Amino acid sequence: MTEARVKARTERGESRLAEGFALFAECLLTGVWIAVASLPLVTYPAAFAAGARHLGRRLAHERGGWREFAADFRAALRRGWLVGVAGWAALAAVWVDVQAVRAGLPGGPFVGAVGVSALIGAAVAGLRAAAVWRPGASWRSLLAQAGRRTVLDPAGSFLIVGGLALVVCSAWFSAPLGVAVLGAVAAAAVAVEERHRRR
């Protein structure tokens with residue numbers, strides 16, 4: 001696979017540096033697409049799935065653009081919005097845990113730490129599921145398998161956590177930068193899943 005990519009790149013006359021910059025630019029553009037598709041708030045799993053598919057096509061040197069992203073987004077949204085609702089419910093539960101910690105309830109710090117850790121784990125599993133989503137795939141089975149990979153592949157999971165931290169820091173520094181970096185998180189999830197598949 002790698003030899004085929006190098007051969008295709010050589011035939012097109014692209015240098016390794018030029019291809020790297022092109023992929024970086026595609027990640028930033030994909031981040032904007034993901035942000036726009038996530039505006040209804042419950043559509044973020046479908047947006048990440050479509051973004052991951054788009055970046056996968058780019059890495060495989062296949063044609064694809066906004067139309068393919070939109071088609072994948074619509075297909076992923078059929079059941080993906082339920083995953084989005086569940087994600088917001090989990091965030092609300094963790095918010096209640098954090099309020100318990102702030103109120104000084106007995107056992108609050110432990111419950112808060114468990115809740116935040118579970119939320120981070122759920123976010124990583126969701127990104128891993130989105131990275132391997134294909135049209136017609138069941139979100140339930142994708143999430144179950146991604147949950148197992150999240151636990152069994154801690155190195156890959158920590159890489160995704162690092163990507164999420166990058167988004168938070170970028171958004172804290174400059175909100176528009178945080179939007180663009182969403183594509184880098186999708187790319188990180190795709191890379192982690194490809195790494196896990198090859199092991």
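Me: What relative accessible area does R53 have?
Reply: R53 has a relative accessible area of 22% and is partly exposed. Buried means under 20% relative accessible area, exposed over 50%, and partly exposed in between, with a 1.4 Å probe and protein chains only.

Me: What should I know about the model and the conventions?
Reply: This is a predicted model, in which local features need pLDDT of at least 70 and side-chain atom pairs count only at pLDDT 80 or more, while totals for chains, interfaces and linings use all residues. Residues are numbered from 1 along each chain as its sequence is written, and side-chain values use heavy atoms, with hydrogens and water left out.

Me: Back to R53, then. Which side chain does R53 meet in a salt bridge?
Reply: The partner is D72, at 3.5 Å from N to O. The two residues belong to distant parts of the chain, with R53 in helix α3 (residues 44-59) and D72 in helix α4, 19 residues apart. A salt bridge here is a side-chain nitrogen of Lys or Arg within 4 Å of a carboxyl oxygen of Asp or Glu. Helices (H or I, at least four residues) and strands (E, at least two) are DSSP runs, numbered from the N terminus.

Me: And is D72 buried or exposed?
Reply: D72 counts as buried, at 6% relative accessibility.

Me: How many salt bridges does a search of the whole structure find?
Reply: The search finds nine. As background, side chains of opposite charge can pair when their charged atoms come close.

Me: Which residues are linked in a network of salt bridges?
Reply: The network links R128, R149, D153, E193, R195 and R199. Within this group, the side chains of R149 and E193 meet at 2.8 Å, N to O. R149 lies in helix α6 (residues 139-152) and E193 in helix α8 (residues 175-198), so this pair ties together parts that are 44 residues apart in sequence. R149 and E193 are both buried, with R149 at 12% relative accessibility.

Me: What does R149 touch, leaving out residues up to four places away in sequence?
Reply: R149 touches R128, V132, S157, E193 and H196. Contact means heavy atoms within 4.5 Å.

Me: Now R198. With which residue does R198 form a salt bridge?
Reply: R198 pairs with E194, and their closest N and O atoms are 2.8 Å apart. R198 and E194 are four residues apart in helix α8, a separation of about one helical turn. R198 is partly exposed at a relative accessible area of 47%, and E194 also counts as partly exposed, at 26%.

Me: Next, the backbone. What is the phi of L41?
Reply: L41 has a positive phi of about 75 degrees although L41 is not a glycine. Most residues other than glycine have a negative phi. L41 is found in the loop between α2 (16-37) and α3, and L41 is partly exposed, with a relative accessible area of 48%.

Me: And H61, where is its place?
Reply: H61 is in the loop between α3 and α4. H61 has a positive phi of about 60 degrees and is not a glycine, and at 25% relative accessibility H61 counts as partly exposed.

Me: Finally, the overall fold. How many helices and strands are there?
Reply: The protein has eight helices and zero strands. Its radius of gyration is 18 Å, close to the 16 Å that the globule rule gives for 199 residues, so the protein is as compact as a globular protein of that length. The radius is taken over C-alpha atoms, and the globule rule is 2.2 Å times the number of residues to the power 0.38. Along its principal axes, the C-alpha trace spans about 65 × 35 × 30 Å.

Me: What share of the residues is buried?
Reply: Buried residues make up 36% of the 199 residues.
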